[in-house]
Amino acid sequence: MNPLANELNDVLEGTVVSRLLSRLGRQMYFPKGIVSQSAEAGLRAKRLNATIGMAVEHGQPMVLSAVAGQVPGLDARELASYAPTAGLPELRMLWQKQLLKKNPSLNGVPISLPIVVPGLTNGVFHATELFVEEGTIVIIPDLFWGNYRLIMEVRRGATIVTFPFFNDQGAFNHQGFAQVLTEQSRTCKKLVVCLNFPNNPSGYSPSITEAGNIRDALVNCANQGTDILVINDDAYFGLFFESDTCKESMFALLANAHERITALKIDGATKEDFVWGFRLGFMTFGSKGLSETHYEAVQKKVMGSIRGCVSSSSGLAQQVLLKAYKNPAYDAEKQLKFKELERRYHKVCEIIGQANAKGYQSFLRPLPFNSGYFMTFECVGLNAETLRLELLDREIGTISIGDRYLRIAYSSLDHDRLEELYQEVYTAAGNLLASST
Ligand SMILES: Cc1ncc(COP(=O)(O)O)c(C=O)c1O
């Protein structure tokens, strides 16, 4: 074990994080190499700084005007410099400030400073590197973003255990969740849980009561002596369209819930700020009883994982976002985009309500949805993949998930095309059904 890893492990000794770390997580450290020495020189080498692997002239990075001309709002340093491994400090602080504003329950709760990663996918990747290994049980509701399988199961050998997402009342199946936690904790004193609200693919987020039930199930399990890492994938955070939906992240309910629970919020600008290709996400930890020193040690582990993988996130994207967050028009513009997506949501509800009234839910049963980008049909008596191909023949793109589910990203179509889209989906499904009987 590298002495730097040992140092971090010593700091974390006795905490839930220490017990949750994978073997790789225990070995991870942030080297006192180029990045660390350059950062030190940045503070102290005011005369001549010959540390970082960049080309500099007259104190500014060498930039081609063919490149700089594309982004006139940024100077050469902002445009082309490497960002620090954990991200631009000012951006991290602003994201934390926004996080507290969006999740008032977090006020007064010690949480880590968000760490910048190149997209939420990469955040899930680092969390998995540090906390998941061969045989680690990862509990996920059965409707989930397929990439978790690649990252957790294929790359790291996790055992994914699912439970039905919805109960008979069309609400989050907290009884099923509690049951699977109890069952798994009988043989396993370390569990990883992955929650994603608003959910991809269903488009569902829990109500305030349901969110409380989810927290209670986790706290009960922790009370039995199980250590739990809860990964909160908040990719679509903020797109809540109904009044009774919990408007805070589950992270806010879990960050100070129990000494045996570590909550990790993975969120980012990707969907929240409509910059999908920027590749900017954040990882924030919250765990009852952890001090700032503990959080710094965890951060060093994540930084080691970043350094050994992508080295750092896009500096250009971070600088653009930083300026956007400081722009007085930012909040109002974002609210306008939210309103447009909300309008589409209500339109889809109206269309589906009318279709259900005609009995169409007998073959296309909409799963409960109230948030995010998507809604999903459960196909009854027809195959979802066959339906997807039939729709493709009509030049319409949707996503099939196995044979049973068809996901529709209504966020990706203008309001005035939604009627046409759903009409085609219902017609194609009706035809397939008729031809099969
Ligand atoms: C649930 C969920 N998490 C994460 C991501 C990926 O986010 P990013 O593009 O920032 O990697 C997506 C994107 O589709 C998603 O649906």
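**Chat about cavities, rings and loops**

Colleague: Hi! Which residues line the largest cavity?
Modeller: Hi! In this predicted model, the largest cavity is lined by Leu-195, Phe-197, Ser-205, Pro-206, Asn-232, Asp-234, Phe-240, Cys-246, Glu-248, Ser-249 and Met-250.

Colleague: And what volume does the largest cavity have?
Modeller: The volume of the largest cavity is about 80 Å³.

Colleague: How does its lining divide into nonpolar, polar and charged residues?
Modeller: The lining of the largest cavity has six nonpolar, three polar and two charged residues.

Colleague: How many cavities of 30 Å³ or more are there?
Modeller: The count comes to three cavities of 30 Å³ or more.

Colleague: You listed Phe-197 in that lining. What kind of peptide bond joins Phe-197 and Pro-198?
Modeller: Phe-197 and Pro-198 are joined by a cis peptide bond, with omega about -15°. Pro-198 sits in the loop between β6 (190–196) and α11 (208–223).

Colleague: Nice. What about the bond that joins Asn-200 and Pro-201?
Modeller: Asn-200 and Pro-201 are joined by a cis peptide bond too, with omega about 25°. Pro-201 lies in the loop between β6 and α11.

Colleague: Let's switch to rings. How many aromatic pairs does the structure hold?
Modeller: There are 28 aromatic pairs in the structure. One of them is Phe-163 with Phe-172: the ring centres are 6.0 Å apart and the planes stand at 85°, so this pair is edge-to-face.

Colleague: Why does 85° make the pair of Phe-163 and Phe-172 edge-to-face?
Modeller: Planes over 60 degrees apart count as edge-to-face, and the planes of Phe-163 and Phe-172 are at 85°, so the pair falls in that class.

Colleague: Is Phe-163 buried or exposed, and what about Phe-172?
Modeller: Phe-163 has a relative accessible area of 4%, so it counts as buried. Phe-172 is buried as well, at 0% relative accessibility.

Colleague: Which residues do ring pairs link into a cluster with Phe-163 and Phe-172?
Modeller: That cluster links Phe-163 and Phe-172 with Phe-165, Phe-166, Phe-177, Phe-197 and Tyr-204 through ring pairs. Phe-197 is also one of the residues that line the largest cavity.

Colleague: Which ring does Lys-102 lie over?
Modeller: Lys-102 lies over the face of Trp-95, 4.5 Å from the ring centre. Another lysine, Lys-265, has its charged end over the ring of Phe-237, at 4.7 Å from the centre of that ring.

Colleague: I'm curious about α13. Where is Thr-270, and is it buried or exposed?
Modeller: Thr-270 is in helix α13. Its relative accessibility is 8%, so Thr-270 counts as buried.

Colleague: What does Thr-270 touch, not counting residues up to four places away in sequence?
Modeller: On that basis, Thr-270 touches Gly-119, Leu-120, Val-275, Trp-276, Arg-279 and Leu-280.

Colleague: Last one: where is Ile-261, and is it buried or exposed?
Modeller: Ile-261 is in strand β8 (residues 261–268). Ile-261 is buried, with a relative accessible area of 0%.

Colleague: What is Ile-261 in contact with, leaving aside neighbours within four places in sequence?
Modeller: The contacts of Ile-261 include Val-16, Leu-218, Val-219, Ala-222, Ile-228 and Gly-286.

Technical notes: Residues numbered from 1 in each chain as written. Predicted model: local features only at pLDDT ≥ 70, side-chain atom pairs only at ≥ 80, totals over all residues. Heavy atoms only, no water. Phe/Tyr/Trp six-rings, centres within 6.5 Å; stacked < 30°, edge-to-face > 60°. Buried < 20%, exposed > 50% of the residue type's maximum accessible area, 1.4 Å probe, protein only. Lys NZ or Arg CZ within 6 Å of the ring centre and 35° of its normal. Helix = DSSP H or I, 4+ residues; strand = E, 2+ residues; numbered from the N terminus. Contact = heavy atoms within 4.5 Å. 1 Å grid on protein atoms, 1.4 Å probe; cavity = no way out; pocket = protein on both sides within 12 Å on 5 of 7 lines; lining within 4 Å. Points joined across faces, edges and corners; volume = space filled by probe spheres on them. Nonpolar A, V, L, I, M, F, W, Y, C, P; charged D, E, K, R; others polar.
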